Amino acid sequence: MARCLLCDCVMDLTLINLLIQKQKLCSHCLNNFEIIKANIKVDDIQVHILYSYNDFFREILYQYKVNYDYALKDCFLNTHINELKRKYRGFVLIPAPSYYEADEKRGFNHVEEIFKNLNMRIIKCFKKTKDFKQTEQSYEGRKDIQKCIKIDKSMLKGANKLLLVDDVATSFSTIKSMIRLLPPDKQIKVLIIASNCLKRSNDLQ
Ligand SMILES: [Zn+2]
């Protein structure tokens, strides 16, 4: 009997959902994800955003990332896994870095564990050298993040199609810093699980 990873209800699933999509969430919980599938450009690079960063997303991400609820790693990409594998065939995954000690304390890198669900090669060529919490920073402060991210370019040998991945992006300062550090001859795309960037630009209009 399959139970929903979030609300623990017994799921009434079709065989296809269970076997092929490996569905982990009930339809009620799935409906709380606000799918936007937006394509935007950041520094001329194509960025794909799956969901809006709503209250529901904020809560489950907090439960996973801050309360160390490791099992929730499987609930973020859920029904999009096969589609994303097709869309980014031939790419290697480059996770946005977290501060080493934060990962050590948590026992896992939260971004990497989410994207392991895609069964694609992952290269961790970025390191964060300082515990830099973006939400606590001013706009000017966030720009300083560039100084805290380091790259090991030797790890990218033979990898030409790179998919940069992160859980949440608001100002895209981390992604921009990563893009600027990558060799210019690489094909780069970006996949963000959730962002409020569209809402913010609508608010401004
Ligand atoms: Zn549920």
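The model is a predicted one, where local features need pLDDT of at least 70 and side-chain atom pairs count only at pLDDT 80 or more, while totals for chains, interfaces and linings use all residues. Numbering starts from 1 along each chain as its sequence is written.

Zooming out, the pair belongs to an open sheet of 5 strands, ordered 1-2-7-6-3 with mixed pairing. Strand 1 (35-42) and strand 3 are the edges, each pairing on one side only. From one strand to the next, the twist averages 25°. Helix 9 packs on the sheet, touching strands 1, 2, 6 and 7, and its direction makes about 160° with that of strand 6. Contact means C-beta atoms, placed from the backbone, within 7 Å; axes are lines fitted to C-alpha atoms, for helices over the stretch in contact, with angles from 0 to 180 degrees between N-to-C directions.

Then there's the largest nonpolar core, with 45 residues: buried Ala, Val, Leu, Ile, Met, Phe, Trp, Tyr and Cys joined through C-beta atoms within 7 Å, buried meaning 20 or more other C-beta atoms within 10 Å. Among those with the most contacts inside it are L163, I192 and I193.

Conventions: Buried ≥ 20, exposed ≤ 12 C-beta atoms within 10 Å, placed from the backbone. Pairing = 2+ DSSP bridges. Helix = DSSP H or I, 4+ residues; strand = E, 2+ residues; numbered from the N terminus. Contact = placed C-beta atoms within 7 Å.
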